[in-house]
Amino acid sequence: MGPSVIYMIVGVSAFILIVLLAVFRNNDKKSGGSEYLQEVQRQQEEAVQEEELAMQEEEETATKLRAEDLDFWDMYPEETEEPEEEKKTVESVNKNPYTEKAEKEKEKDKEAERQKEEEERNDPATDGKHTLITNRDGSEEWVLISPYLKKNTYDFTNMEDKAGLKRYMENGRKTSYVGVDISKHTGKIYFPSLKAAGVDYVMIRLGSRGYSTGQITLDENFKENIEGAIEAQLDVGVYFYSQAISQDEAIQEANFVVQNLEPYRGKVKYPIAFNMGFVSNDKSRIEGLSREDKTTVTVSFLEGVKAAGYVPMVYGDKEWLLKEVDLTKLQDFDVWLSQEEDIPDYPYLYSMWQYDTDGVLNGIDGGADLNICFVGYSER
């Protein structure tokens with residue numbers, strides 16, 4: 001082997017050795033870098049664990065908070081009520097003067113409307129709870145209608161007027177009766193003519209008590225009138241003008257009526273009416289009686305004729321019936337209403353209505369007192 005070959009082998013071996021040394025050193029460097037990276041990673045993991053632990057502690061602390069710990073309203077300032085005058089001042093500043101005027105007018109109109117409605121509710125002329133009466137001195141008065149007394153249910157659209165005589169019709173059939181009331185003041189009466197004129201019944205004055213003397217007298221024409229009416233086949237009832245001031249006097253009047261009717265007992269089909277009233281342009285015996293006294297006298301008379309077998313009835317105008325007697329104590333008796341109106345506004349039930357005291361009727365020379373009766377007394 002020559003020296004050149006030996007040199008070449010030694011050189012190659014040295015080169016290989018150098019390469020191996022470089023490789024080993026490089027591996028050592030790589031091993032050191034890996035440890036550094038591992039250390040950095042470890043520190044990051046510890047930081048994450050510490051953060052997670054802090055969050056867990058914060059959550060545990062939050063769960064232990066009390067309700068008062070959450071009261072954060074104290075953080076805000078309390079609202080104070082503005083003085084009313086300051087509000088008005090602010091509102092007045094913000095309002096348009098034209099808008100404010102329109103609102104005031106609108107409120108004024110509303111108040112006027114409310115006041116009008118209140119007046120209508122309290123107006124006795126429209127509330128349906130009052131009725132108007134005219135007192136004997138000419139003054140007018142609204143009287144409360146009692147809810148306890150029976151009301152009339154007449155429908156005056158069913159009323160017909162033929163030749164001055166009123167008739168009440170139902171379903172095209174007359175259900176009322178034409179009547180007149182008479183006394184010595186009526187004058188001469190032609191009963192057949194009354195019958196021919198369509199009169200069904202006659203209410204005859206039997207007698208009266210003097211309004212100053214207190215003396216009871218028989219009507220001068222009673223006998224002639226009752227016999228003439230019976231002969232003309234007219235139904236008959238009677239009335240008595242009373243000025244009794246006590247129960248005894250009322251009973252005395254009732255007995256007087258019953259005694260004078262004895263000859264005609266079977267012929268008197270219509271009621272016996274009690275007529276008490278004041279005297280025009282003079283003072284009567286009953287002026288000093290109270291409402292209770294007049295009611296007691298009325299009941300005494302009516303009970304007296306009822307006990308004798310007759311139908312009792314109380315006569316009066318609207319003022320008398322509503323103010324001078326107590327109708328709650330007269331509910332068992334029929335009412336004969338005197339009211340010269342086309343349609344009466346008496347609120348309670350009545351059986352007979354005197355609607356004209358100066359009517360024209362064949363058979364009576366002067367003015368006739370015309371009546372209509374809603375009850376067929378002769379048919380009972």
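Ile-226 counts as buried because its relative accessibility is 0%; buried means under 20% relative accessible area, exposed means over 50%, and partly exposed lies in between (1.4 Å probe, protein chains only). Ile-226 belongs to helix H5, residues 222-231. Helices (H or I, at least four residues) and strands (E, at least two) are DSSP runs, numbered from the N terminus. Ile-226 and Gly-237 stand 11 residues apart in sequence, and their C-alpha atoms are 8.9 Å apart in space.

This is a predicted model, in which local features need pLDDT of at least 70 and side-chain atom pairs count only at pLDDT 80 or more, while totals for chains, interfaces and linings use all residues. Residues are numbered from 1 along each chain as its sequence is written, and side-chain values use heavy atoms, with hydrogens and water left out.

## Strands and their pairing

Strands of a sheet pair through backbone hydrogen bonds, in either the parallel or the antiparallel sense. Here two strands count as paired if DSSP finds at least two bridges between them. Strand S1 (residues 130-134) and strand S2 (residues 140-144) are antiparallel and share five bridges. Within this pair, Thr-131 has Val-143 of S2 as its bridge partner. The hairpin formed by S1 and S2 has five residues between the strands, and Gly-138 there adopts a positive phi near 95°.

In a regular strand the side chains alternate between the two faces of the sheet. In S1, Thr-131 and Ile-133 make up a covered face, whereas His-130, Leu-132 and Thr-134 make up an uncovered one.

Strand S4 (residues 165-170) and S5 run antiparallel and are joined by two bridges; Met-169 has Lys-174 of S5 as its bridge partner.

A parallel pairing is found between strand S11 (residues 312-317) and S12, which share five bridges. Asp-317 has Ser-338 of S12 as its bridge partner. S12 is mostly covered, with four of its five residues buried.

## Salt bridges

Side chains of opposite charge can pair when their charged atoms come close. A salt bridge is defined as a side-chain nitrogen of Lys or Arg within 4 Å of a carboxyl oxygen of Asp or Glu. The structure holds 15 salt bridges. One of them joins the side chains of Glu-141 and Lys-323, at 2.8 Å from N to O. Glu-141 is in strand S2 and Lys-323 is in helix H8 (residues 318-324), so this pair ties together parts 182 residues apart in sequence. Glu-141 is partly exposed because its relative accessible area is 29%, and Lys-323 is partly exposed at 28%.

Another salt bridge links the side chains of Lys-188 and Glu-224, at 3.3 Å from N to O. Lys-188 lies in the loop between strand S6 (177-182) and helix H4 (191-197), and Glu-224 lies in helix H5, so the pair ties together parts 36 residues apart in sequence. Lys-188 is partly exposed at 46% relative accessibility, as is Glu-224 at 44%.

The side chains of Lys-318 and Asp-345 also meet in a salt bridge, at 2.8 Å from N to O. This pair links distant parts of the chain, 27 residues apart: Lys-318 is in helix H8, and Asp-345 is in the loop between S12 and S13. Lys-318 is buried, with a relative accessible area of 7%, whereas Asp-345 is partly exposed at 38%.

## Patches on the surface

Patches consist of residues with over 30% relative accessible area and no salt bridge; like charges are joined within 9 Å, and nonpolar side chains (Val, Leu, Ile, Met, Phe, Trp, Tyr) within 5 Å. Lys and Arg count as positive and Asp and Glu as negative, while His and the chain ends are not counted. The place of a charge is taken as NZ of Lys, CZ of Arg, CG of Asp or CD of Glu. Glu-340, Glu-341, Asp-342 and Asp-358 form a patch of negative charge on the surface. Asp-342 is in the loop between strand S12 (334-338) and strand S13 (352-359), and Asp-342 counts as exposed because its relative accessibility is 66%.

A nonpolar patch on the surface is formed by Phe-15, Ile-16 and Leu-20, which together have about 310 Å² of accessible area; accessible areas come from the Shrake-Rupley method with a 1.4 Å probe, and for residues only the protein chains shown count as cover. Leu-20 lies in helix H1 (residues 3-63) and is partly exposed, with a relative accessible area of 41%.
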